[in-house]
Amino acid sequence: MVFVGAGDIATCTGLGDERTAAILDVVPGTVFTLGDNAYNEGSKAEFDRCYGPTWGRQLDRTKPSPGNHEYGTRGAAGYFSYFGARAGEGARGWYAYDDGSWRIYSLNSNCGEIGGCGEGSAELTWLRDDLAAHPSRCALAYWHHPRFSSGEHGDNALVGPLWDTLADAGTELVLAGHDHDYERFAPLRADGALDEAGGMTSFVVGTGGKELRTFERAAPNSLVRNADTWGVLQLVLSPGGWSSLFLPVAGAGFTDRAAGTCH
């Protein structure tokens, strides 16, 4: 099965989202979004005018997640109105689904807007319960704010409890956006230490169309970084493993490949 997408996507003042949307037009599979789907405020009008004509062409096969710009509209109402049931139950912003043998989690990293992501929070409690109820061999999670990043925003400790819970459960992959660049990390443990055998491989894919930004530093265990190419991440999820390929927009030369097995 194919899983393809990015974050930091649609603006009515640029053409980056149209260029990445053209990739989606010819790549099959489930489309994911990593938040900041419609700039600047995530209003319903911005979703209709900016996101709709580009990435919205794939609405019927899209599994979104919200970013901080969605909460520029109170309660991310524009996001939930536009995506409807595709964004999960109610206005929580987190949900799970199965794709073949994989259990996939779309989470809400806007912790300050949803009552927190730490101990006792509704999202973390739900995540732990779902992981226990679905002990799948292969699991993947995605949200907006990266736990670790070399980009402008850098590491985000608030999502640490989500990251730690997933790592402890043996999750394979975590995807995020927020920093407008592409980055791939080596497999990491809950504490961020290298663990080639049992760690989670994480990606930052904030290359959906908004202007790109340079890196601030090289974070520990960062393997690949690029800040000048829009594009999407394509994952092929198999019963026992995964492979990834960064697909650049037409005319760009950067790409990146990786692969791994399920724990």
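**Terms and the values behind them**

Guide: Let us begin with D48, whose relative accessible area is 39%, so that D48 is partly exposed. Please note that this is a predicted model.

Visitor: Why is D48 called partly exposed?

Guide: Buried means under 20% relative accessible area and exposed means over 50%. The 39% of D48 falls in between, and D48 is therefore partly exposed.

Visitor: What makes the meeting of D48 and K44 a salt bridge?

Guide: The side chains of D48 and K44 meet at 3.0 Å, N to O. A salt bridge requires the nitrogen of Lys or Arg to be within 4 Å of a carboxyl oxygen of Asp or Glu, so the pair qualifies.

Visitor: Why are D48 and K44 separated by about one helical turn?

Guide: Both belong to helix 2 (residues 44-51), and they are separated by about one helical turn because they are four residues apart.

Visitor: How many salt bridges does a search of the whole structure find?

Guide: The search finds twelve. One of them joins the side chains of E152 and R213, at 3.2 Å, N to O.

Visitor: Why is the pair of E152 and R213 said to tie together parts of the chain?

Guide: E152 lies in the loop between strand 6 (138-142) and helix 5, while R213 lies in the loop between strand 9 (201-205) and strand 10 (222-226); the pair therefore ties together parts that are 61 residues apart in sequence. E152 has a relative accessible area of 43% and is partly exposed. R213, with 24%, is partly exposed as well.

Visitor: Which parts of the chain does the salt bridge of R217 and D155 link?

Guide: The side chains of R217 and D155 meet at 3.2 Å, N to O. This pair links distant parts of the chain, with R217 in the loop between strand 9 and strand 10 and D155 in the loop between strand 6 and helix 5, 62 residues apart. R217 is partly exposed at 37%, and D155 counts as partly exposed at 38%.

Visitor: Which residues are linked in a network of salt bridges?

Guide: E18, D25 and R57 are linked in such a network.

Visitor: How do you know whether helix 4 and helix 5 are parallel or antiparallel?

Guide: The axes of helix 4 (residues 122-133) and helix 5 (residues 160-168) come within 10 Å and cross at roughly 10°. Angles under 35 degrees count as roughly parallel, and helix 4 and helix 5 are therefore roughly parallel to each other. Helix 4 contributes E123, L124, L127, R128 and L131 to the contact, and helix 5 contributes P161, L162, T165 and L166. These residues divide into six nonpolar, one polar and two charged.

Visitor: What makes strand 4 and strand 10 edge strands of the sheet?

Guide: The open sheet has seven strands in the order 4-5-6-7-9-8-10, with mixed pairing. Strand 4 (95-99) and strand 10 each have a single partner strand, so one side of each is left without a neighbour in the sheet. On average, neighbouring strands are turned by 15° against each other, direction ignored.

Visitor: In which sense do strand 6 and strand 7 pair?

Guide: Strand 6 and strand 7 (residues 173-176) pair in the parallel sense, over three bridges. Y142 stands opposite L175 in strand 7.

Key: Residues are numbered from 1 along each chain as its sequence is written. This is a predicted model: local features need pLDDT of at least 70, side-chain atom pairs count only at pLDDT 80 or more; totals for chains, interfaces and linings use all residues. Side-chain values use heavy atoms; hydrogens and water are left out. Axes are lines fitted to C-alpha atoms, for helices over the stretch in contact, and angles run from 0 to 180 degrees between N-to-C directions. Helices (H or I, at least four residues) and strands (E, at least two) are DSSP runs, numbered from the N terminus. Angles under 35 degrees count as roughly parallel, over 145 as roughly antiparallel, 65 to 115 as roughly perpendicular and the rest as oblique. Contact means heavy atoms within 4.5 Å. Ala, Val, Leu, Ile, Met, Phe, Trp, Tyr, Cys and Pro count as nonpolar, Asp, Glu, Lys and Arg as charged, and the others, Gly among them, as polar. Buried means under 20% relative accessible area, exposed over 50%, partly exposed in between (1.4 Å probe, protein chains only). Two strands pair if DSSP finds at least two bridges between them.
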